[in-house]
Amino acid sequence: MSQTDLEQYRVIRSGRRTLELRLTADGEVEVRAPWRVPDAEIAAFVASRGDWLRRARQRLATRQAPLELALETGAVHPFRGKPLVLELDCAPRASVQLEDGRLLIRAPDLSAAPVAALLQGWYRQQARHYYDAEIDRHFPWFAERGHARPVLRVKQMRSRWGSLSARGYINLSLTLIQLPAECLEYVVVHELCHLEHMNHGPGFYRLMTARLPDWQPRRHLLNHLPRIALAF
């Protein structure tokens, strides 16, 4: 990687404590940095991560185009890795109901915008339930190591599956609710391991292996699933 490539990155400063390098879905390089870290230190950090950035760009280049999901009767939408068939029905009151592999969306207006809003609301409700349950299942192990439970936030995340903030939040992508359950578990454990290691050094991966020994095939599955273009 040339020096010119390394200079093309965007710095986002915040109250975080460590440096972090990200490659967005659009191929942009971002550096998340604490307020007081000098620019020269940031440049040296980016240069030291050149091999990682090159591999990340190679993975991005080989990813398939995102799946476009329609908002019409008969369209298939994934939920926890399994297909759901949309069924739209005109009704005086809006509702969303799951029945035998079908997602029944009833509303007085079945145009794209209101259907998308109802679908997003249902996904968010399900995401909060399943994400909190997964955090609750794994957190006692981390609590025994002296950590406090982070607060869940379900977010639209363009380039990441999750993140852990220094302010005590675990942010998880809404898209995860569409993927297989083992992918959600991998991301939850990954972020909880950041309670102890705010980087991806050897200690982080030892902790990952201690808590989730098969994390590597889960990561491989997550990285090779087709991306989904949310319809909302």
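Start with the largest nonpolar core of this predicted model. Select its 43 residues. Tyr131, Leu172 and Leu176 have the most contacts inside this core.

Now colour the elements that build it. Strand 6 (82–90), strand 8 (102–107), strand 9 (151–155) and strand 11 (169–173) each supply at least two residues of the core. So do helix 4 (112–143), helix 5 (181–193), helix 6 (202–211) and helix 7 (215–224). Which helix gives the largest share? Helix 4 does, with 10 residues. In soluble globular proteins, nonpolar side chains tend to be buried together.

Next, select Tyr131 and show what surrounds it. Set aside the neighbours within four places in sequence.

Move to the second core, which is separate and has 11 residues. Select Ala33, Val46, Leu53 and Ala56, which are among them.

Now go to strand 3, residues 29–34. Is this strand mostly covered or mostly uncovered? Strand 3 is mostly covered, with five of its six residues buried.

Show the partners of strand 3. Strand 1 (residues 10–14) pairs with strand 3 in the parallel sense, over five bridges. Find Ser14: Pro34 in strand 3 stands opposite. Then select strand 2, residues 20–23. Strand 2 runs antiparallel to strand 3, and four bridges join the two. Last stop: Leu21, with Val31 of strand 3 opposite.

Conventions
Residues numbered from 1 in each chain as written. Predicted model: local features only at pLDDT ≥ 70, side-chain atom pairs only at ≥ 80, totals over all residues. Heavy atoms only, no water. Core = buried A, V, L, I, M, F, W, Y, C linked by side-chain atoms within 4.5 Å. Buried < 20%, exposed > 50% of the residue type's maximum accessible area, 1.4 Å probe, protein only. Contact = heavy atoms within 4.5 Å. Pairing = 2+ DSSP bridges.
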